[in-house]
Amino acid sequence: MSVCKKCGKNLKSDEISLHKRIINPADNEYFCLDCMAEYFGCTAEFLNKKITHFKNMGCQFFSCK
């Protein structure tokens, strides 16, 4: 199981997918939603809405998850 590269929290597949979608698809280490929100200066709620948006678009990073 993957863990957040900043805080060590266990990651959900959507967190990994979002990291790949908006930071770098080639990364092998990922941020959890809270650390990603801090990185971008937004809220975790906003990032959850982005996850829903990307899933509804059919984004390849969120398929089969």
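How are H1 and H2 oriented to each other, roughly parallel or roughly antiparallel? The analysis concerns a predicted model, in which local features require pLDDT of at least 70, side-chain atom pairs count only at pLDDT 80 or more, and totals for chains, interfaces and linings use all residues. Residues are numbered from 1 along each chain as its sequence is written, and side-chain values use heavy atoms, with hydrogens and water left out.

Helices are DSSP runs (H or I, at least four residues) numbered from the N terminus. H1 and H2 pack at an angle of about 25°, with their axes 10 Å apart; axes are lines fitted to C-alpha atoms over the stretch in contact, and angles run from 0 to 180 degrees between N-to-C directions. The two helices, H1 and H2, are therefore roughly parallel to each other, a label given to angles under 35 degrees, whereas those over 145 count as roughly antiparallel. Contact (heavy atoms within 4.5 Å) joins Glu15, Leu18, His19 and Ile22 of H1 to Leu33, Met36 and Phe40 of H2. By class, this contact comprises five nonpolar, one polar and one charged residues; Ala, Val, Leu, Ile, Met, Phe, Trp, Tyr, Cys and Pro count as nonpolar, Asp, Glu, Lys and Arg as charged, and the others, Gly among them, as polar.

Within H1, Glu15, Ile16, Ser17, Leu18 and His19 are buried, that is, under 20% relative accessible area with a 1.4 Å probe and protein chains only; over 50% is exposed, and values in between are partly exposed. The cover over the buried residues of H1 includes H2 and H3.

The loop between helix H1 (13-22) and helix H2 (33-40) contains Phe31. With a relative accessible area of 10%, Phe31 is buried. Beyond its neighbours within four places in sequence, Phe31 contacts several residues, including Cys4, Leu11, Glu15, His19, Met36 and Tyr39.

Rings of Phe, Tyr and Trp (its six-membered ring) pair if their centres lie within 6.5 Å; planes under 30 degrees apart count as stacked, over 60 as edge-to-face and the rest as tilted. By this rule the count comes to three aromatic pairs. The rings of Phe31 and Tyr39 form a tilted pair, because their centres are 5.3 Å apart and their planes lie at 35°. The pair of Tyr39 and Phe40 is edge-to-face, because the ring centres are 4.9 Å apart and the planes lie at 85°. Phe40 is partly exposed, with a relative accessible area of 38%.

Key. Angles under 35 degrees count as roughly parallel, over 145 as roughly antiparallel, 65 to 115 as roughly perpendicular and the rest as oblique.
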